[in-house]
Amino acid sequence: FAGEIPQIGDNDSGRFLKMTPEFIHENGELTEIENNHNHLLGLASALFYDSVLEGYGQQFPLENIYTAVTIPPKKTNILVAKDIAAFSDFGVYILKKKKYSCAIRAGSIGQRGKGGHAHNDQLSFIFALEGTILFTDPGTYLYTPAWKQRNRFRSTSMHNTLSVQAMEQNQWVEGAGDVLFWMLGDRAKASIERFDDSVCIGEHKGYGANHKRILTFSETEITGKDICTVQGEKQLNFHLAPKAQCIKENDSSLIVHCHHHHIRFTTSDEQIIVEDSDFSNGYGKRTATKKLTIPINGSECTWKISITK
């Protein structure tokens with residue numbers, strides 16, 4: 001993602017202590033540094049006893065951290081290959097092709113099932129073309145000052161996945177206060193059946209009947225197939241980054257472009273609808289954007305992202 005960190009769950013940018021300083025003293029001068037969390041990867045390599053993450057964040061001597069850590073050794077399930085990286089403990093799967101990158105979310109809601117920082121984003125994805133994100137996660141926006149907006153931004157329909165009217169993948173208690181920071185358990189229990197450089201197959205159980213998503217990858221296309229037999233009004237959601245614009249070609253095809261980056265988005269089964277939505281890149285920040293929706297009448301829908309010249 002060309003150095004940009006995709007948003008997944010709460011980004012907590014309203015914290016008092018930032019994870020990295022904005023500037024450091026270097027040779028008697030203040031030098032701006034990137035907020036890329038590399039130092040936390042070095043810390044994580046010690047906490048989770050995982051050699052894959054070693055070499056990052058050298059300001060944390062690993063031998064000192066090992067001495068201080070009292071948790072028992074744990075071997076995390078991390079796969080890093082030429083074109084893919086699978087972080088199954090966290091629930092993020094990353095694919096990189098020559099032209100595009102894709103990050104897929106499927107896994108635990110964290111905090112031993114409390115899910116205080118998780119969103120209903122199971123089987124959602126983020127898509128970047130040559131480092132420019134086109135299909136995005138909408139972010140967090142606010143917590144206690146506007147509890148309805150808090151719940152809206154963490155809802156299923158605000159993520160690039162299938163939503164069912166009046167249902168959520170995982171439930172929460174409506175209202176303000178502490179209930180804004182937890183969910184009623186991990187009902188979705190999302191999992192990945194297969195992930196490699198050609199296909200990703202995942203599912204979750206949040207609607208009673210499973211939602212299964214099959215993503216097939218080539219060098220210039222992603223083909224998606226969503227299957228869910230649950231009754232009720234269903235739709236697929238695809239949220240555009242704020243700078244991305246779209247031009248409809250017909251009811252089932254449109255062009256998405258941002259600067260000199262272009263893709264064609266199509267579906268062979270249904271109509272594509274363009275709607276207003278919102279994006280937040282930090283606490284208290286909100287920008288108008290668009291989202292694409294595909295109403296589903298049956299139990300399956302196929303769609304495609306194609307890179308255009």
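Lys290 and Asp276 form a salt bridge (a side-chain nitrogen of Lys or Arg within 4 Å of a carboxyl oxygen of Asp or Glu) in which the closest N and O atoms are 2.4 Å apart. Lys290 lies in strand 19 (residues 287-296) and Asp276 in strand 18 (residues 273-279), so the pair ties together parts that are 14 residues apart in sequence. Strands here are DSSP runs of E with at least two residues, numbered from the N terminus. With buried meaning under 20% relative accessible area, exposed over 50%, and partly exposed in between (1.4 Å probe, protein chains only), Lys290 counts as partly exposed at 36%, whereas Asp276 counts as exposed at 61%.

The model is predicted, so that local features need pLDDT of at least 70 and side-chain atom pairs count only at pLDDT 80 or more, while totals for chains, interfaces and linings use all residues. Residues are numbered from 1 along each chain as its sequence is written, and side-chain values use heavy atoms, with hydrogens and water left out.

A search of the whole structure finds 13 salt bridges, among them the pair of Glu300 and Lys225, whose closest N and O atoms are 3.5 Å apart. This pair links distant parts of the chain, with Glu300 in strand 20 and Lys225 in strand 13, 75 residues apart. Glu300 is partly exposed, at 39% relative accessible area, and Lys225 is partly exposed as well, at 30%. Another salt bridge joins Arg264 to Glu249, with the closest N and O atoms 2.9 Å apart; Arg264 lies in strand 17 and Glu249 in strand 15, so parts that are 15 residues apart in sequence are tied together.

Strand 12 (residues 211-217) has a covered face formed by His211, Arg213, Leu215 and Phe217, and an uncovered one formed by Lys212, Ile214 and Thr216. Ile214 is the bridge partner of Ile201 and stands opposite Lys225 in strand 13.

Definitions and conventions
Helix = DSSP H or I, 4+ residues; strand = E, 2+ residues; numbered from the N terminus. Pairing = 2+ DSSP bridges.
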